[in-house]
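Let's walk through a protein model together, one question at a time. Have a look at the picture first.

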Amino acid sequence: MSDADRNLPLSFLPLPTIAQQRIIALLVVIAQAGIAVTGSVVRVTGSGLGCDSWPQCHPGSFTPVPGAAPALHQAIEFGNRLLSFVLVALTLALFLAVVRAGRRKAIVVLAFLNGLGVIVQAIIGGISVKVDLKWYAVALHFLPSMLLVWLAGMVYVKIQEPDDGHEVRTYAKPLRMLAAGTGIALAGTLVTGTMVTGAGPHAGDADVLPEDRLQLPIIELSHVHAGFMYLYLGLAIGLVFGLIALNAEPALRKLGWWLVGLIVAQAAVGMVQYWAGVPEALVPVHVAGSGALTAVTAIVWQLGWRHAGGTATATGSPAGDAEHNSATAKVAA
């Protein structure tokens with residue numbers, strides 16, 4: 001089956017250009033990171049059980065019920081749940097766009113996984129409510145969000161490349177391995193960060209008791225978390241200097257410096273949190289930093305292996321470009 005034939009079921013949809021696909025992909029990156037931030041607002045305001053059931057908000061009602069829980073807690077938790085529908089719409093739009101444009105399999109699979117991940121995350125969120133927001137459930141709800149941000153960052157890079165190009169290493173294999181190392185160090189930082197949170201005061205609901213938190217010393221956990229952050233920072237700095245030494249393209253070097261700057265800023269927020277007793281206002285800031293770092297690290301890593309050349313510069317695929325050029329010619333005639 002040709003690419004053109006494969007696109008026939010979606011021929012009623014507008015044919016998206018690379019620029020349009022890129023915008024949708026960027027919105028998915030922002031939304032995947034953003035819902036983790038709103039989730040942190042739920043946590044620090046103690047609103048995690050503002051809706052004490054799932055998929056309903058309360059037994060017998062999908063919407064908040066006056067008096068079932070504090071009104072503010074219900075509004076915050078229900079609002080966070082509604083954002084899942086925004087993510088569903090964006091990931092569906094991304095998937096339909098890349099399928100309609102006839103993009104290569106790797107892009108379609110990544111777009112599909114972003115949408116599937118939203119559904120899985122909703123289920124994990126429901127489980128966390130069912131177990132009364134135990135620390136491990138909250139951690140397992142946050143970490144998949146960062147994985148989805150990583151996947152969204154990958155598709156954001158790939159979607160801008162013509163499918164008929166050829167695969168090339170943008171930078172040497174050792175540097176690509178170093179970039180992968182930064183991703184592993186980031187994963188360690190995120191995992192240990194959820195453990196610090198699990199042992200700390202912001203468990204997700206005002207009624208969560210200290211004995212329901214992670215029973216490990218928070219000071220030692222914080223030091224382990226900081227150790228992974230230092231490793232992450234060191235690997236990122238090494239990557240940037242490697243890119244400079246190999247005279248990598250300026251945009252890639254600049255993005256590497258942005259990564260280093262974001263890590264330093266995130267570390268500063270973490271240190272302030274540590275010394276100030278984890279003030280509520282800084283928790284969403286720290287979570288937002290985690291999402292930004294995950295996205296930028298994923299993009300830097302993906303930029304090390306790209307599709308270069310190619311002629312499908314309008315929609316990204318030869319079949320899509322053929323349809324686009326035909327439509328343009330008809331309009332011009």
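**Helices and a loop**

UniProt, in an unreviewed entry, lists residues 23–42, 82–99, 106–129, 135–157, 178–200, 229–248, 255–275 and 281–301 as "transmembrane region"; such annotations may be inferred rather than shown by experiment, and positions follow the numbering used here, with feature names shortened. This is a predicted model, where local features need pLDDT of at least 70 and side-chain atom pairs pLDDT 80 or more, while totals for chains, interfaces and linings use all residues. Residues are numbered from 1 along each chain as its sequence is written, and side-chain values use heavy atoms, leaving out hydrogens and water.

Q: How far apart are the end C-alpha atoms of residues 255–275?
A: Helices here are DSSP runs (H or I, at least four residues), numbered from the N terminus. Residues 255–275 are 100% helix and 0% strand. Their end C-alpha atoms are separated by 30 Å.

Q: Are helix 8 and helix 9 roughly parallel or roughly antiparallel?
A: Helix 8 (residues 250–276) packs against helix 9 (residues 282–302) at about 155 degrees. Angles run from 0 to 180 degrees between N-to-C directions, along axes fitted to C-alpha atoms over the stretch in contact. Under 35 degrees counts as roughly parallel, over 145 as roughly antiparallel, 65 to 115 as roughly perpendicular and the rest as oblique. The two helices are therefore roughly antiparallel.

Q: Is Asn 247 buried or exposed?
A: Asn 247 sits in the loop between helix 7 (218–245) and helix 8, and has a positive phi of about 55 degrees. Its relative accessible area is 61%. Buried means under 20%, exposed over 50%, and partly exposed in between (1.4 Å probe, protein chains only). Asn 247 is therefore exposed.
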